[in-house]
2 protein chains.
Amino acid sequence: MRRNILLLFFLFFSMPGLILAESGENLWLRYDKVSDNVFDDYSVLETLYVEGNSPVIGVARNELINAIKGMTSVDLDLSKKVSGSSILLGVGLNEKIDVQGLEEGLESCGPEGYVIRRVGKDKETQVVITANTDAGVLYGTFAFIRMMQNEEDISAINVVETPKYELRLLNHWDNLDGTVERGYAGHSIWWNREKDFNDLRDHYQIYARANASVGINGTVLNNVNAAPEVLTDEYLEQVVRIADLLRPYNIKVYLSVNFSSPAVIGGLEDSDPLRDEVREWWKDKVEEIYEEIPDFGGFLVKANSEGQPGPQDYGRTHADGANMLAEALEPYDGIVMWRAFVYAPSGDDRAKQAYTEFVPLDGKFHENVIVQVKNGPIDFQPREPFSPVFGAMDETSLMIEFQITQEYLGFSNHLAYLATMQKETFESDTYAKGPGSTVAKATDGSLFSQKHTAIAGVANIGRDVNWTGHHFAQANWYAYGRLAWDHTLRADDIGKEWLGMTFSNEDAFVEPSLNIMMRSREAVVNYMTPLGLHHLMGWSHHHGPEPWTEIEGARPDWLPKYYHNASEDGIGFDRSESGSNAVVQYEEPLASIYNNPKTCPENLILWFHHLPWDYTMSSGLSLWDELCYHYYDGVEEVRLMQKKWDRMQGLIDDERFEHVRHKLKIQSREAEWWRDACLLYFQTFSGMPIPAELERPVHDLEELKKIKFDMTHHN
Amino acid sequence: MRRNILLLFFLFFSMPGLILAESGENLWLRYDKVSDNVFDDYSVLETLYVEGNSPVIGVARNELINAIKGMTSVDLDLSKKVSGSSILLGVGLNEKIDVQGLEEGLESCGPEGYVIRRVGKDKETQVVITANTDAGVLYGTFAFIRMMQNEEDISAINVVETPKYELRLLNHWDNLDGTVERGYAGHSIWWNREKDFNDLRDHYQIYARANASVGINGTVLNNVNAAPEVLTDEYLEQVVRIADLLRPYNIKVYLSVNFSSPAVIGGLEDSDPLRDEVREWWKDKVEEIYEEIPDFGGFLVKANSEGQPGPQDYGRTHADGANMLAEALEPYDGIVMWRAFVYAPSGDDRAKQAYTEFVPLDGKFHENVIVQVKNGPIDFQPREPFSPVFGAMDETSLMIEFQITQEYLGFSNHLAYLATMQKETFESDTYAKGPGSTVAKATDGSLFSQKHTAIAGVANIGRDVNWTGHHFAQANWYAYGRLAWDHTLRADDIGKEWLGMTFSNEDAFVEPSLNIMMRSREAVVNYMTPLGLHHLMGWSHHHGPEPWTEIEGARPDWLPKYYHNASEDGIGFDRSESGSNAVVQYEEPLASIYNNPKTCPENLILWFHHLPWDYTMSSGLSLWDELCYHYYDGVEEVRLMQKKWDRMQGLIDDERFEHVRHKLKIQSREAEWWRDACLLYFQTFSGMPIPAELERPVHDLEELKKIKFDMTHHN
């Protein structure tokens with residue numbers, strides 16, 4: 001027995017115990033020691049030469065110093081003059097160093113891109129990080145750090161990078177009372193904080209560094225369901241503080257504004273965008289903001305959508321409203337992001353309305369207006385086809401809005417890596433200018449000459465110590481930023497980067513963890529809404545399955561039945577030409593492909609078609625059986641995720657290992673909940689058995705129907 | 001689409017719809033139509049000749065008439081005189097009919113046995129059901145009905161049956177306030193009823209017929225934790241009513257009595273069994289009872305056990321107490337059943353105490369005392385070794401007490417067929433008189449010349465419409481009765497009988513359902529307490545797993561840790577000679593077999609041994625891995641049960657099908673709960689991983705620990 005105790009003692013102190021507890025607070029910027037032999041020449045890291053001393057350059061310099069100190073045993077000499085091996089950092093270093101290709105690189109990398117090159121040879125080599133602006137140097141520095149974090153070969157770096165989108169934003173749906181709409185990681189980091197701003201600087205710096213590290217250069221500080229009060233002095237003071245803090249990280253602040261602000265806080269009679277008094281109010285307000293924040297980014301507007309006020313309240317168009325704000329912002333190079341997320345309860349198929357309402361306005365928006373379009377036609381479902389608005393407005397600057405927070409993908413309880421979903425949208429072919437006209441190209445300026453290119457991600461960030469609730473939800477913040485910089489990056493490459501930086505570069509860890517991530521979103525689709533199903537979630541809070549929900553007096557398009565249309569004769573939303581004809585909003589050949597259930601991709605088939613339960617799928621199975629298999633596959637995949645993750649014990653710190661393990665248990669239980677709820681409910685219509693080889697449900701429909709949540713705010 | 005609707009319409013009305021809803025109220029006495037061609041000669045059922053007209057014979061006659069009417073299309077002529085083919089029913093029919101073997105049968109079948117023979121040939125055949133008493137005729141009649149229900153071949157019946165035990169009792173743990181201790185099927189059928197007794201006669205008759213059909217001939221009407229008040233007029237009046245009602249079914253009533261009754265309701269100074277006044281009080285009370293109930297069965301006593309009063313309160317022995325009551329009952333042939341379920345909190349290993357306390361009293365009990373011994377040494381756990389008291393008291397009448405209600409086997413929510421468990425006890429070899437001295441033989445009079453042989457089952461009966469909460473729990477009532485009659489019957493044969501009578505004789509139904517039943521108890525053992533683990537359940541209510549429970553000031557032997565002893569160095573209760581030495585209470589070679597972990601049956605290994613987590617099992621696996629596999633096997637088995645049951649849809653009525661399906665879902669979820677709770681808790685000691693190929697837990701230990709129930713009464 002003694003031997004066993006000793007063995008356990010040894011195991012306890014030799015394995016997980018040695019890896020220190022880790023809260024996740026530092027995100028992917030942990031700068032842990034990397035392997036001692038990953039760099040060919042450590043002496044290059046010993047000397048740092050920095051050109052320039054702006055705040056942005058200062059941030060880059062400090063970051064690099066801390067990274068080298070953290071990751072290596074190099075004794076960094078900051079006093080040394082440049083000579084021999086060294087890192088050189090600064091704008092326009094081509095003027096200092098004569099290296100072939102540096103100038104060409106700088107000519108092509110644009111205002112925020114950068115060039116990194118390893119030059120020289122033997123004991124006299126340099127790493128040159130240069131750009132056309134301080135911002136470019138900052139991004140180049142973070143790129144170099146990322147290479148170190150990932151233990152990449154830096155012996156012959158030769159990188160020229162340019163961001164694909166000009167404006168890369170986070171949208172915080174943060175309310176001024178400190179709650180966060182669709183926030184699952186605690187209250188707002190910006191509003192209604194108990195701590196003094198100065199006591200939060202260290203905290204905010206992590207946020208700023210994290211964004212800078214992936215190239216995010218703008219952040220909208222408040223909810224699109226905007227309180228007019230954000231434009232009052234009380235809140236603008238906080239905006240100024242935040243802007244000052246984020247400026248050295250090349251992050252501009254933006255605000256969501258309420259279209260009725262002139263009336264509500266300005267005391268005007270109304271907020272009609274064509275009235276001079278209203279236009280003047282906005283101009284004055286904008287001037288007031290720019291006096292304090294000269295690099296203020298602009299406004300984000302949700303107007304005439306889900307009850308928000310807007311120009312249509314006065315018989316004006318979205319263009320009228322957006323252009324009024326654009327004119328006010330134009331002198332300061334400010335931007336208006338005007339959301340196309342509109343749909344009326346009494347209108348046509350909700351999936352068609354953004355297109356119907358906005359496409360006719362193409363060409364009518366001012367140059368500094370960008371129309372912000374959600375990736376899909378409904379609302380951030382686990383899987384949607386791309387919005388047909390993309391590619392359909394070639395005279396308008398369009399931007400994609402992704403949701404990083406997992407409103408419909410299990411909140412912060414489910415591991416769902418979203419890069420694969422975003423890639424799916426980016427790579428969807430709109431056929432706007434023939435084959436290859438992907439959504440990415442239709443928005444990044446390569447297909448249409450947009451005045452501005454931009455992209456937005458609804459943040460999943462809150463006051464939780466690990467920022468995002470689920471440790472793996474950090475990956476969605478990270479991956480969004482990386483794809484906003486370069487949508488051609490592969491989801492698996494990004495995941496691998498993130499895993500290495502955040503947890504460990506060991507293959508034994510990265511390979512299975514990446515496998516978990518890469519398969520996770522499809523698992524969620526399968527156990528929630530496979531085969532093109534959508535909007536089956538709970539009323540209002542959107543937590544859990546409620547395909548049965550009936551709410552008296554509710555908008556029909558807020559109820560799952562509007563979308564699944566399940567009855568004895570089948571399931572699905574007929575958007576073919578025999579139904580709502582939403583398919584014609586897509587270019588050919590897509591319209592025809594979607595229109596025919598035999599050619600429609602089966603992962604969207606119930607999005608576009610209402611089909612009988614015994615419809616024969618390409619597998620040869622009936623629709624009902626196919627549906628069952630998908631739901632069961634989803635549950636099985638989560639069980640596999642659990643198994644894979646359990647083998648990670650000891651390869652990373654216990655604290656995060658256990659936290660993720662705990663979350664996976666919730667996901668596993670909730671996947672079963674979704675599966676049982678949806679299948680048992682749909683079975684009341686199909687009348688068909690769950691295939692005999694599958695596990696049986698473990699829930700009762702009637703009991704599931706009784707589950708009620710009280711979750712006005714989820715954080 | 002039209003075609004599909006028609007098809008659904010057809011399916012709806014042609015399949016499950018045609019099988020009428022069924023509440024389960026009639027238990028296994030449904031008398032549904034049997035196949036038209038199961039009997040060689042229906043004319044034999046057309047004429048019924050009944051000898052005698054006692055109430056018991058009347059019950060037999062009515063039952064047979066109803067059975068024939070229900071099960072066949074025979075036009076039963078009750079007016080016809082016996083001639084040609086007929087059924088003959090009555091005591092001592094050998095005196096009326098000269099049939100070879102009838103007399104010999106009657107000579108050997110004892111007071112309650114019976115003879116059934118098919119005699120004659122061609123169109124002149126009779127079925128003769130005869131016995132030495134009315135009771136025997138009643139049991140023979142039910143046996144014949146059972147054959148019909150099971151569609152058995154009756155062309156050449158030749159049956160002589162004798163019950164193995166003289167007294168075959170149910171123990172109702174019913175409190176006078178109407179609650180039922182360990183009752184999971186609603187409140188007491190006997191006490192504190194709102195309905196008038198007369199309005200309950202139909203209801204009670206089902207109970208009486210069901211018991212008579214399997215040969216149960218006694219019932220204890222109240223909880224062994226007895227309220228003294230049951231012996232007051234108020235309650236005795238109800239006892240008289242019940243006795244009158246049950247008498248025609250050959251069922252005697254018994255009462256549990258509180259040993260302090262003389263003091264509490266008699267106003268005596270104390271209840272010392274050696275004081276004349278006390279003895280007189282009991283004699284008077286007994287006389288009073290017998291005046292009203294001349295065939296009153298006797299008393300069941302739980303004394304000096306779990307806080308109940310008893311003779312030891314006055315320095316007297318269990319024998320002193322039991323004999324006092326025996327003397328009072330003796331003039332009326334009444335019986336005392338004195339429970340050996342005793343254990344003191346400060347004493348030796350609880351498993352040893354019944355033996356330690358009772359074996360020295362062997363030979364000291366009056367002839368009309370029966371010592372009632374639970375099947376295992378602790379308390380009705382999913383698996384225990386047999387109690388070493390069996391075979392150890394050859395001068396005492398011993399009876400086995402089984403628990404039919406599932407206190408430790410999932411209440412009425414888990415399907416657990418207990419016949420396999422009871423058979424395991426019956427067939428356990430005590431070696432009391434060498435090999436083959438099974439527990440059955442040690443209690444049925446064949447090994448020792450017991451004055452009385454008896455058996456008791458703690459009932460699972462309540463006011464629920466289906467009597468037992470779970471439809472399949474009816475099988476445990478049925479099977480207990482059948483085994484009480486003949487412990488040599490096979491569990492699968494009994495299960496098959498019951499399924500046929502209760503649901504359907506179709507092979508497509510019986511085969512898989514029987515498979516579910518036969519594997520169910522081992523499934524429960526696996527997901528609750530495999531490998532000899534025991535007593536891991538929740539405090540007080542005994543619902544769910546709580547291996548961690550700590551209750552301040554609680555009796556240690558009521559806490560799971562007393563039993564599992566899990567720590568870093570291993571798990572299990574060392575009852576070998578290096579531990580509590582409970583093994584020596586067993587005869588050799590059993591003592592040596594149990595004493596050595598290498599020879600101890602592995603399904604009891606942690607009952608008798610404390611072993612290190614890495615102990616190598618016969619499978620080659622470590623104890624920890626083996627434990628994991630057993631817990632997971634349990635869960636998998638329940639999932640299989642669900643799958644098998646789902647295929648039964650349409651083969652039986654929807655009402656019971658759905659009810660069982662619902663219960664199986666609960667069982668499936670709770671099996672996972674047990675598995676996760678026990679393994680995650682034990683893992684905190686073992687420090688070993690759950691084998692990688694197994695599913696991961698879906699619960700968190702800390703969350704499971706927080707679960708608290710408020711369930712003072714479970715019904």
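How far apart do the end C-alpha atoms of residues 148–467 of chain A lie, and how much of the span is helix and how much strand? Before I answer, note that this is a predicted model. The end C-alpha atoms are 24 Å apart, and the span is 27% helix and 14% strand. The stretch comes from UniProt, where an unreviewed entry marks residues 148–467 of chain A as "domain: Glycosyl hydrolase family 67 catalytic".

Next, the surface charge. Chain A has a patch of negative charge on the surface, whose residues include Glu229(A), Asp233(A), Asp276(A) and Glu292(A). Two helices of chain A, α6 (233–246) and α8 (276–292), each supply at least two of the patch residues. The largest share, 6 residues, comes from α8(A). Glu229(A) sits in the loop between β7 (218–220) and α6 of chain A.

Now the backbone. In chain A, a cis peptide bond links Glu588(A) to Pro589(A), with omega about 5 degrees. Pro589(A) is in the loop between α16 (560–564) and α17 (590–595) of chain A. In chain B, Glu588(B) and Pro589(B) are also joined by a cis peptide bond, with omega about 5 degrees, and Pro589(B) is in the loop between α16 (560–564) and α17 (590–595) of chain B.

Tyr31(A) has phi near 50 degrees; its place is the loop between α1 (2–14) and β1 (48–50) of chain A. Is Tyr31(A) buried or exposed? Tyr31(A) is buried, because its relative accessible area is 8%, under the 20% limit. Asn192(A) has phi of about 55 degrees, and lies in the loop between β6 (167–171) and α5 (201–214) of chain A.

How values were computed:
Residues are numbered from 1 along each chain as its sequence is written. Chains are lettered from A and ligands numbered from 1 in the order in which they are written. This is a predicted model: local features need pLDDT of at least 70, side-chain atom pairs count only at pLDDT 80 or more; totals for chains, interfaces and linings use all residues. Side-chain values use heavy atoms; hydrogens and water are left out. UniProt positions are given in the numbering used here, feature names are shortened, and annotations may be inferred rather than shown by experiment. Helices (H or I, at least four residues) and strands (E, at least two) are DSSP runs, numbered from the N terminus. Patches are made of residues with over 30% relative accessible area and no salt bridge: like charges are joined within 9 Å, nonpolar side chains (Val, Leu, Ile, Met, Phe, Trp, Tyr) within 5 Å. Accessible areas come from the Shrake-Rupley method with a 1.4 Å probe; for residues, only the protein chains shown count as cover. A salt bridge is a side-chain nitrogen of Lys or Arg within 4 Å of a carboxyl oxygen of Asp or Glu. Lys and Arg count as positive and Asp and Glu as negative; His and the chain ends are not counted. The place of a charge is taken as NZ of Lys, CZ of Arg, CG of Asp or CD of Glu. Buried means under 20% relative accessible area, exposed over 50%, partly exposed in between (1.4 Å probe, protein chains only).
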